[in-house]
Every structure is written in C-alpha cells, then in structure tokens.
Amino acid sequence: MRQKIVAGNWKMNKTWEDAKILTAEVMGMVADEVKGNVKTILCVPFPYLGSLKNQLGSSTVKIGAQNCSEHDWGAYTGEVSALMLKSMEIPYVILGHSERRQYFGEDGKLLARKIDKTLAANLTPIFCCGEQLEIREAGTHEKLVKQQVEDALFHLSADALKKIVIAYEPVWAIGTGKTASAQQAQEMHAVIRKHLASKYGAPVANEISILYGGSVKADNAQELFSCPDVDGGLVGGASLKSREFVDIVKAMK
Ligand code: PGA
C-alpha cells in the first residue's frame with residue numbers, strides 16, 4: 001500500500017497572524033474529521049517553520065518547507081540548507097516546483113544536487129515535475145516529464161528513490177482553475193510510474209507515492225484521487241482556506 005498524502009503548498013502567502021490561525025484550524029479539523037491513513041502536510045514559508053512545527057506538536061499534520069539550498073553551509077546569503085531543516089526536525093521539503101524552475105532557473109542538474117542534500121539530511125523531498133502548455137499542445141509532454149524525472153532522480157539507488165515523493169503538476173493547471181482531467185492525470189502518473197519501473201523495476205515503482213497538483217479543489221479532488229496511480233495531491237490556492245483544504249484531505253480515501 002502506497003502512502004496517501006495531501007500536502008498544502010502555501011507559497012508566499014499569509015501574514016504570521018493568519019498563518020497561526022490557518023494552522024490551528026487545519027489541525028483541529030483534521031483531528032476531528034480525518035480518519036484513515038492519509039498524511040496531511042503543510043508546506044509553509046521559511047520564517048514560519050519552527051513556530052508552526054511547535055504549534056502542531058503531536059498532531060498528525062506534519063510540516064514541510066518549499067525549497068532548500070544545494071549547499072550545506074556557508075556564504076550563500078538568503079539561502080536555507082537541508083541540514084538547517086534537519087536540525088529543526090522539519091520532515092518534508094518541496095523541490096523543483098515549476099515556479100522555482102521558471103522564476104529561479106532551477107534545472108535538472110541543480111535539482112539532482114538538492115535531492116541528494118535532502119536525502120543525506122534524512123528529509124523527504126516532494127519532487128515536482130510537469131509540462132508547460134506549449135509542450136502539452138505539441139504532444140511532447142510525456143517525453144519532457146520523463147526527462148525531468150530522469151535528470152533529477154535516476155542517479156539514485158533504489159533504496160534512495162523509495163524515500164522520494166513525486167508530484168506531477170502540469171504547469172497549465174497551476175493557479176489557473178484549469179485542472180487536468182482525471183484521465184489526463186492518470187495517464188501521466190502511469191507514464192511516470194512506468195518510467196520508474198523501467199529503471200528500478202515494478203516493485204520499487206509501485207511503492208512511490210505520486211501526487212497530482214494543479215487547481216485541486218474540494219469539488220474535483222475525489223475524482224482525481226480515485227485514479228489508481230494518483231496517491232494524493234499537492235494543493236496551492238485551496239490550501240489557504242482551512243475548510244476547503246480539509247475537505248480535500250477527506251476526499252483522499
Ligand atoms: P494550485 O497550485 O493548487 O494553486 O494550482 C498547486 C501548486 O503549485 O503546487
């Protein structure tokens with residue numbers, strides 16, 4: 001059985017006051033309403049990590065970062081390393097989000113190094129991949145996403161790969177309100193899993209949780225999550241509202 005996961009990606013949103021309120025609401029609703037084995041994660045801005053982790057305490061809701069450096073320590077002003085996150089016992093970190101790729105020039109080589117740093121620090125990376133609209137329209141989306149997976153992950157051993165969570169996020173669906181259909185999501189998740197199987201074998205590939213991201217909402221989550229290769233979601237905009245986010249968590253059965 002693969003781990004089912006719903007992770008919220010707050011991106012660069014919420015004041016500190018609002019962040020505490022949202023966390024308290026999500027934590028309370030998850031405790032009251034969420035049964036079963038879905039893992040709920042909040043990926044929050046760096047300055048909030050320590051305090052929100054304390055606020056969550058022994059809640060089943062876990063905390064994650066949205067990025068980390070490819071370096072361990074040193075003169076890299078403004079950066080945060082995987083070892084720093086480890087020292088704060090932050091268990092998850094998103095890597096390779098399309099916004100990082102697009103606005104900060106992150107490519108496969110860099111992401112491979114970041115993946116190595118997070119694994120060396122015993123964190124779980126949530127590795128994002130996904131194609132832009134032009135690529136989808138040109139029909140080369142499978143090729144591109146396979147390449148993204150290969151570039152960042154295929155240097156890993158099978159044991160290391162098993163510690164990764166993958167998120168497929170078609171760029172044209174992020175923040176646009178235009179969700180991939182359940183069929184499109186399932187197709188791409190199956191492509192990714194098959195590609196992992198081609199290198200690591202089916203038993204390993206079958207252990208990797210692959211999340212869907214891109215305009216997941218309470219009213220489309222159930223359909224997306226019912227696909228056999230969709231193991232949960234990475235949720236942006238809808239994770240900023242506690243009721244909507246917890247309804248998405250509840251859609252993952
Ligand atoms: P969205 O963002 O849910 O707002 O489309 C998803 C993401 O970027 O992770």
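Visitor: How many salt bridges are counted here?
Guide: Side chains of opposite charge can pair when their charged atoms come close. In this predicted model, the count comes to 15 salt bridges.

Visitor: With which residue does Glu33 form a salt bridge, and how far apart are the closest N and O atoms?
Guide: The partner of Glu33 is Arg243, and their closest N and O atoms are 2.6 Å apart. Glu33 belongs to helix α1 (residues 16–33) and Arg243 to helix α12, so the pair ties together parts that are 210 residues apart in sequence. Glu33 also meets the side chain of Lys250 in a salt bridge, at 2.7 Å from N to O. That pair again links distant parts of the chain, with Lys250 in helix α12 and Glu33 in helix α1, 217 residues apart.

Visitor: Are Glu33, Arg243 and Lys250 buried, exposed or partly exposed?
Guide: Glu33 is partly exposed, because its relative accessible area is 25% and this class lies between 20% and 50%. Arg243, at 36%, is partly exposed, and Lys250, at 32%, is partly exposed.

Visitor: Which residue forms a salt bridge with Asp72?
Guide: Asp72 pairs with Lys117, the closest N and O atoms being 3.3 Å apart. Lys117 sits in helix α5 (residues 108–120), while Asp72 sits in the loop between β3 (61–65) and α3 (82–87), so the pair ties together parts that are 45 residues apart in sequence. Lys117 counts as partly exposed at 26% relative accessibility, and Asp72 is partly exposed at 30%.

Visitor: Which residues are linked in a network of salt bridges?
Guide: Such a network links Arg2, Arg193, Asp229 and Asp231.

Visitor: Let us turn to the sheet. In what order do the strands close into a barrel, and is the pairing parallel or antiparallel?
Guide: Strands of a sheet pair through backbone hydrogen bonds, either parallel or antiparallel. Here 8 strands close into a barrel in the order β1-β2-β3-β4-β5-β6-β7-β8, and the pairing is parallel. On average, neighbouring strands of this sheet are turned by 25 degrees against each other, direction ignored.

Visitor: How many bridges join β1 to β8?
Guide: Strand β1 (residues 5–9) and strand β8 (residues 232–235) run parallel and are joined by 4 bridges. Within this pairing, Val6 has Gly233 in β8 as its bridge partner.

Visitor: How should I read the nonpolar core, and which members touch the most others?
Guide: In soluble globular proteins, nonpolar side chains tend to be buried together. The largest nonpolar core here has 72 residues, of which Leu153 and Phe225 touch the most other members. Helix α9 (residues 182–200) supplies the largest share of this core, 6 residues.

Visitor: What does Phe225 touch, leaving aside residues up to four places away in sequence?
Guide: The contacts of Phe225 are Val6, Val216, Val230, Gly232, Gly233, Ile248, Ala251 and Met252. There is also a second, separate core of 12 residues, including Ile5, Tyr92, Cys128 and Leu211.

Visitor: Finally, how many aromatic pairs are counted?
Guide: A pair of aromatic rings is described by the distance of the centres and the angle of the planes. The count here comes to 3 aromatic pairs. In one of them, the rings of Trp16 and Tyr48 have centres 5.2 Å apart and planes at 35 degrees, so the pair is tilted. Trp16 lies in helix α1 and Tyr48 in the loop between β2 and α2 (49–56), so the pair ties together parts that are 32 residues apart in sequence. Trp16 counts as partly exposed at 29% relative accessibility, whereas Tyr48 counts as buried at 13%.

Terms used:
Residues numbered from 1 in each chain as written. Predicted model: local features only at pLDDT ≥ 70, side-chain atom pairs only at ≥ 80, totals over all residues. Heavy atoms only, no water. Core = buried A, V, L, I, M, F, W, Y, C linked by side-chain atoms within 4.5 Å. Buried < 20%, exposed > 50% of the residue type's maximum accessible area, 1.4 Å probe, protein only. Helix = DSSP H or I, 4+ residues; strand = E, 2+ residues; numbered from the N terminus. Contact = heavy atoms within 4.5 Å. Pairing = 2+ DSSP bridges. Axes fitted to C-alpha atoms, helices over the stretch in contact; angles between N-to-C directions. Salt bridge = Lys/Arg side-chain N within 4 Å of Asp/Glu carboxyl O. Phe/Tyr/Trp six-rings, centres within 6.5 Å; stacked < 30°, edge-to-face > 60°.
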